[in-house]
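Have the structure open as you read.

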Amino acid sequence: MVAEENLRVVRSGGSKLNFRRAVFSADSKYLFCVSGDFVKVYSTATEECIYVLQGHSNLVTGIQLNPQNHLQLYSCSLDGTIKLWDFIDGILIKTFVVGCKLYAFFASVHLEDSVFIIVNKEIPDGFQLASLKLPKSPSQEVEAKELSFVLDYISQSPKCTAFGREGQYVVAARDLYMSVYFFKKKKTFRFSLPSGNKKNCNNIFTCIACHPKEDCIASGHQDGRIRLWRNFNDNKNYTYTSLHWHHDVVMDLAFSIEGTSLLSGGRESVLVEWRGGIEKNKEFLPRLGGTIEHISASPGGDLFCTCHSDNKIMIIHRNLEVSAIIQGLVKDSVVNTGLMIDPRTKALVMNGKPGHLQFYSLQNDKQLYNLDIVQQEYVNDPGLVHIELMKAAFSSQGNWLATVEQRHEKEAELELQMKLWEFNEQQQGFILNTRINMPHEDHVTALCFSDTENSETPTLVTTSKDGHFKVWILTNDSDIYKQAMGWTCDFVGSYHNYQATNCCFSEDESLLAVSFEEIITIWDSATWELKCTFCHRPGKIKNLCFGRQTCSKYLLGTTEKSFLCCWNLLTCALEWSVQLSVIVLEPDPNSDNIAAMSWSSGGSDLFVFKPSEPRPLCIQKSMCREKVQCAVFVPRDVPESFISEDYQWLNKSQFYFLNESQDLMTFSTKSPEEKLTPSSKQLIAEESLPTTPFYFLMGKHRKQQETNEIMENELIYHPSAEDIPAISELLQTPAHVLPSASFLCSMFVNSLLISKGTKSAEEIPDDIEMESGKATDDSDEENDISEKVQKATNDTVIEDEIIPQLSKTQERELRKLRKVDYSWMCSL
Amino acid sequence: MGEFKVHRVRFFNYVPVGIRCMAYNHQSNRLAVSRSDGTVEIYNLAANSFQEKFFPGHEGRSTEAMCWAKGQRLFSAGLNGDIIEYDLEKLSVKYSVDGFGGPIWSMAADPSGSYLAIGCEDGSVKLFHVAPDKIQLERTLERQKGRILSLSWHPSGTHIAVGSIDYVAVLDVKSGSTTQKMLMDRRHPGPHRRRCVVWGVAFLSDGTVVSTDSAGMVQFWDSETGTLMQTHPLSNSDVLSIAVAEKEDSMVVGTAEGTIFHFQLIASRTDGKQSQWVRTKPFQHHTHDVRCVAHSPTALISGGVDAHLVIRPLMEKVEVKNYDAALRKITFPHRRLISCAKKMQLLLFQFPQRLELWRLGATEAAGKNEDILPLSRNAEHLLQLKKKGPENICCSCISPCGSWIAYSTASRFYLYRMNYENNSVSIKRVSKVPKLLNSALQILFSADSTKLFVASNQGSLHVIQLSEGSLKHLHTFSPQSGTSEATTLLAASPDGSWLAAAGPSNGVSVYDLKHLKPHCTVPAYNFPVTALAIAPGTNNLVIAHADQQVFEFSIPQKQYTDWSRKVQKQGLHYLWLERDTPITHITFHPQKPTHILLHDTYMFCIIDKSMPLPDDKTPLFNQLSLREASENVRRRHAHAFKISKKFQPLLFMDLLDEGTLVAVERPLEDIVAQLPPPIKRKKFGT
């Protein structure tokens with residue numbers, strides 16, 4: 001089954017959702033957002049991704065509903081094409097090839113047959129707003145080159161361009177200028193603001209929105225001011241009102257659909273609703289978690305949505321209540337913890353929002369939840385030094401989670417805190433068990449758990465730059481008031497006061513390896529005795545791990561001076577060493593393979609090897625251009641069976657890694673088309689209907705009606721229309737891919753015929769005989785069909801009269817057609 | 001420019017009095033401003049907002065409302081229950097009429113100007129008919145509950161909207177009955193439930209009533225139905241005042257936080273008929289309550305407790321970017337409050353309630369340029385003279401020899417004889433003052449202190465001979481051809497032969513003191529005179545006008561001098577013409593006849609008539625840059641105007657002797673420190 005293609009590095013979800021404003025469908029059921037080269041369609045009620053519209057070959061830069069048909073969506077991309085999608089079915093309808101990079105897309109109901117794009121010609125920083133005539137042509141791919149420039153020297157960001165009431169004018173702002181172009185008068189007005197060097201004044205435009213009903217433009221500025229411009233069809237009498245609440249840049253503005261309120265957001269992560277354009281009338285939705293990057297309002301007026309810098313889309317109800325959160329992989333922080341796998345949920349765990357651990361489902365490309373580790377409100381101010389989550393580790397069963405957080409302000413003492421979290425079965429979440437202040441005197445460099453089922457107490461080892469490693473065990477902490485278990489320090493070890501840098505338990509957890517700068521020490525985990533030391537001078541030890549399964553007698557380490565060494569624990573001797581500047585050393589928990597990633601100027605290389613074998617299993621040279629930050633093996637739910645030696649290491653686990661530009665990558669052998677048959681595709685739109693009271697009322701009513709109708713028509717229809725596969729397929733297939741009606745007619749008519757249960761069964765043999773007598777060369781399948789036809793002709797007299805008996809040749813032709821139809825249907 | 005030793009005087013503790021109410025007259029483009037001590041000032045907005053008329057205050061008179069009626073007639077009403085009409089020619093109170101309704105809180109004239117409506121403490125609105133020489137109570141409209149704090153006429157004159165505590169009522173003028181009563185929302189945003197005081201109402205021609213109240217709201221009501229149409233919450237403190245433009249497309253409100261807000265009537269769609277009132281721009285030029293606002297066709301005018309009169313031009317209404325397009329902040333009076341006895345080094349400070357006499361400090365030290373010299377003798381407060389009676393001091397003067405002090409209130413004239421013995425000062429009132437000296441608008445002593453010139457409010461000029469024992473009335477110059485225009489400025493020639501007098505709108509007349517007859521009049525000029533002086537020796541009269549023009553008129557030749565003609569021909573520098581404040585004092589250098597010394601609030605200037613005049617291309621303020629330049633450059637770039645801006649705000653500057661100047665400054669910070677604390681506002685980031 002598996003096509004043995006080349007191993008390819010592919011992006012694995014988690015792409016940016018907050019690049020552009022999200023767009024609501026006309027009925028507010030769907031939300032579209034650009035996500036890398038794709039457009040994602042989410043259900044606003046269930047937060048589920050319904051479709052991924054893919055077809056662009058570069059970053060998608062703009063999306064908008066087709067104003068002429070609100071079931072279609074335009075998208076434009078840096079690849080120079082505008083695509084028109086049927087988002088209900090996730091089908092590409094048309095592609096318009098423009099041929100230059102498109103930075104934004106606008107369409108207006110009132111300006112038919114032309115759309116507006118932001119393009120860049122000649123000067124690198126000069127962007128123009130151009131109107132583009134979309135040719136009306138039935139073909140799938142159309143060239144559209146009729147560009148005419150509307151406004152010059154505008155901002156690249158689509159936030160700085162907006163279309164006014166009824167498409168009468170277009171506003172674009174850049175730096176300190178705002179230009180308004182009136183389409184009817186073909187006249188441009190230009191307004192400028194003073195550069196404002198005095199006190200906290202920074203008038204640079206950051207975003208523009210137009211009132212949908214009145215001639216009013218709202219502009220957001222760098223210093224947090226919002227200006228409502230009026231009378232802008234006059235160079236002199238123009239006036240503006242300013243609204244000031246934000247203390248930092250106004251990131252985006254949106255008017256509600258009636259224009260009665262204005263929404264604004266910025267780095268304060270507070271959505272502000274200004275009612276009636278009056279400064280004192282404002283409502284807030286605070287603590288949204290991250291900088292608000294974009295705001296959009298649904299055409300129905302019932303929903304708003306905000307895109308946040310932490311890769312999150314929040315759908316907000318009209319009364320400023322968050323109704324849904326679509327959370328992507330949070331990527332805007334430094335990944336201190338590295339990548340981990342939660343043994344319970346098999347979710348990817350890493351730093352998320354500041355002070356949080358995020359649990360991210362790789363299968364669904366969706367964040368499962370955030371665990372607030374620091375438990376402190378994050379204040380978004382660049383001057384502040386926050387508590388950072390530095391290290392985290394799961395016990396092997398996932399019962400325990402250890403986290404280390406630190407706050408290190410310059411010239412101040414280091415604040416360290418270690419927290420141990422227990423998984424609570426009832427609450428299905430981690431609950432803080434023990435908090436240890438200053439577990440070490442200096443930075444904690446590594447921590448690992450030993451928690452096999454046979455060991456009586458779970459053990460945690462932490463190493464620190466203060467030269468110690470500490471062993472923490474779970475002890476009974478009960479007193480007369482309560483039964484409790486807590487963690488206490490059991491053993492403190494050190495080696496010549498060297499800084500402890502890494503620690504690692506062997507697979508059976510009888511041995512603990514701790515590296516002290518250049519030296520690796522092996523300790524007996526039962527007695528905490530130093531067993532032996534290894535050293536490979538010069539160079540400090542960077543990574544350390546034990547071999548797994550058949551190779552558990554090996555200990556692997558990498559040094560700063562680019563050596564990968566393998567020691568045999570039985571002989572206590574260096575088995576082999578290789579000069580390789582390894583950045584990431586990651587053992588596969590389900591096999592004895594170990595992955596090492598190295599980096600040279602050409603890019604990152606991957607080596608997969610067994611410690612016992614000198615020859616690597618797989619070498620992937622320059623698999624990615626950037627440096628790899630961290631990597632992890634994720635156990636597969638269903639083991640694959642790659643035959644090729646090159647991929648065998650991927651049989652039991654999948655390999656994910658994160659590069660420096662924070663892209664989550666993985667290896668895939670499948671072609672992209674294959675990869676993309678997500679289970680979600682089967683989600684039918686109808687199912688995501690919200691169960692509102694109205695639905696209960698009307699839905700029930702409709703169902704009743706249906707049953708009534710069925711009751712009435714029982715004599716005619718035996719099965720309901722939905723039960724007949726032909727009809728349901730006919731109804732569920734998009735209209736534009738169906739063959740012409742004449743093809744379908746007979747099939748449809750046939751499907752309406754009633755088969756006569758047992759009674760007809762007796763007659764069948766005769767019919768077959770008859771049929772076979774007439775046409776022996778027909779295939780079985782055809783027989784099957786014809787049988788029905790015969791049935792129909794024989795059974796009812798009336799039918800006979802309506803449908804004239806077909807001649808044999810006609811009949812055969814019809815059958816052939818039917819045959820074609822059916823096979824096509826089956827494939828669907 | 002020359003080097004001077006400067007007495008930098010900062011002990012003039014003058015605090016301008018807060019502005020209480022304003023009335024703008026569209027016809028004459030004049031603004032009447034009343035301060036909380038009852039002083040009324042009239043500013044001519046056409047003449048660079050020069051304060052051309054001034055009525056001294058009165059203790060028992062607190063003005064609450066002012067209005068113009070019948071064109072140019074000015075009325076005020078106050079808490080003493082009287083309505084006062086001012087005589088704008090003689091600069092005195094014409095008459096006062098009791099309103100018979102207790103304290104009067106508000107007053108407005110109907111659109112035709114023939115009726116005055118007053119809102120009284122007892123809740124009644126009374127209509128007064130404005131007759132040519134008096135006003136007469138005509139009727140009382142339906143009495144309301146609570147004092148009438150504000151009222152406004154409908155532009156058709158048929159209805160009056162009145163604002164009281166917690167409600168706005170609309171009264172029908174014809175029937176006198178209440179047609180509509182709109183109750184204010186009493187759910188106060190503040191911590192405790194206060195009553196909602198309607199501080200201002202405005203009745204628009206479409207029947208909309210706009211109210212401003214103590215809850216910080218500006219509300220738009222439909223007077224037909226009594227419904228609230230629009231609410232603009234503006235501030236957490238009171239909105240105290242409102243003024244609507246004559247065209248009713250713009251209005252301004254002032255709040256207790258010192259902010260004024262501009263409202264504009266803006267079409268919501270360019271093509272549509274519908275338009276709405278939109279709050280557009282806030283202006284924060286005040287630190288304290290804005291008690292009153294006015295709306296001229298091109299500017300928003302506001303005044304308040306911090307005593308600044310701010311004229312904020314509306315940029316969109318200004319046709320040409322000129323002097324009028326600049327923001328004006330008038331803090332100090334445009335008249336002299338200080339007189340100086342040069343030889344004795346005495347300064348007489350005039351306050352509304354008192355006079356103070358100071359002797360300047362002295363120093364023996366000498367120093368370089370910009371050095372601060374140590375004082376060997378500190379400045380000395382010699383005397384404080386409190387006014388008698390309820391009336392405020394109108395004008396004062398000290399004789400050049402320092403032995404006479406004269407001052408006047410609106411109804412009485414006082415003259416004192418000073419005696420300096422060693423270090424003590426004794427003062428004696430001269431009791432035998434000629435009967436006709438009952439009040440004065442301007443007082444001047446001759447240079448040799450032998451004559452006293454008094455401009456009375458009847459328009460006449462009295463000349464009095466001063467001698468040790470008694471006063472002798474020498475002559476009275478009556479106003480020409482029956483006009484009774486008051487004289488507000490006087491200047492006598494140092495040789496004692498000429499006297500020049502100027503009023504707010506009549507020209508400058510010159511009188512011959514030797515023969516006690518009128519000599520000539522200076523050709524009329526459109527702008528009022530702000531300062532006058534006669535040069536020693538040449539007897540040239542130097543006149544400064546409100547439009548910043550300076551003329552030199554030769555009295556003996558009865559014509560403008562050549563230099564003056566040259567200045568007029570070439571025109572003054574544009575920066576000179578764009579200056580903000582009028583010239584309030586002119587003096588001369590006794591040794592350098594070509595020099596004219598003059599100053600306004602922000603600069604001190606020596607005009608050297610022998611130097612070439614600057615054109616618009618040369619920098620006007622080049623003194624500092626020239627100081628470092630080489631001799632050649634200096635010679636090339638030097639021009640007639642030598643300006644120093646070192647002393648600001650400058651209230652008075654005079655030459656004591658050849659090398660000594662006295663400069664009286666009044667730093668704004670010192671004034672602010674004496675004001676009550678402003679409303680505390682939470683400022684973000686503090």
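Start at A:Leu447, which sits in strand S39 of chain A, residues 444-450; strands here are DSSP runs of E at least two residues long, helices are runs of H or I of at least four, and both are numbered from the N terminus. A:Leu447 counts as buried because its relative accessible area is 12%, and buried means under 20%, with exposed over 50% and partly exposed in between (1.4 Å probe, protein chains only).

Before going on, a word on the ground rules: this is a predicted model, where local features need pLDDT of at least 70 and side-chain atom pairs count only at pLDDT 80 or more, while totals for chains, interfaces and linings use all residues. Residues are numbered from 1 along each chain as its sequence is written, chains are lettered from A and ligands numbered from 1 in the order in which they are written, and side-chain values use heavy atoms, leaving out hydrogens and water.

So what surrounds A:Leu447? Setting aside neighbours within four places in sequence, A:Leu447 is in contact (heavy atoms within 4.5 Å) with residues including A:Lys391, A:Ala402, A:Val404, A:Leu460 and A:Cys503. A:Ser641, by contrast, lies 34 Å from A:Leu447, C-alpha to C-alpha, and 194 residues along the sequence.

Now zoom out to the whole of chain A. Chain A has eight helices and 57 strands, and 51% of its 828 residues are buried. Of the contacts in chain A between residues at least 6 apart in sequence, 44% join residues at least 24 apart.

On to the interface, where 21 residues of chain A are in contact with 22 of chain B. The two chains bury about 1,900 Å² between them, 46% of it on carbon and sulfur atoms; that is the accessible area (1.4 Å probe) lost on putting the two parts together, summed over both. On the chain A side, A:Lys236, A:Ile278 and A:Lys280 lose the most area to chain B, together 27% of what that side buries.

There are two salt bridges between chain A and chain B, meaning a side-chain nitrogen of Lys or Arg within 4 Å of a carboxyl oxygen of Asp or Glu. In one salt bridge, the side chain of B:Arg269 meets that of A:Glu166 at 3.6 Å, N to O. Strand S22 of chain A (residues 239-244) gives the most to the side of chain A that touches chain B, with five residues.
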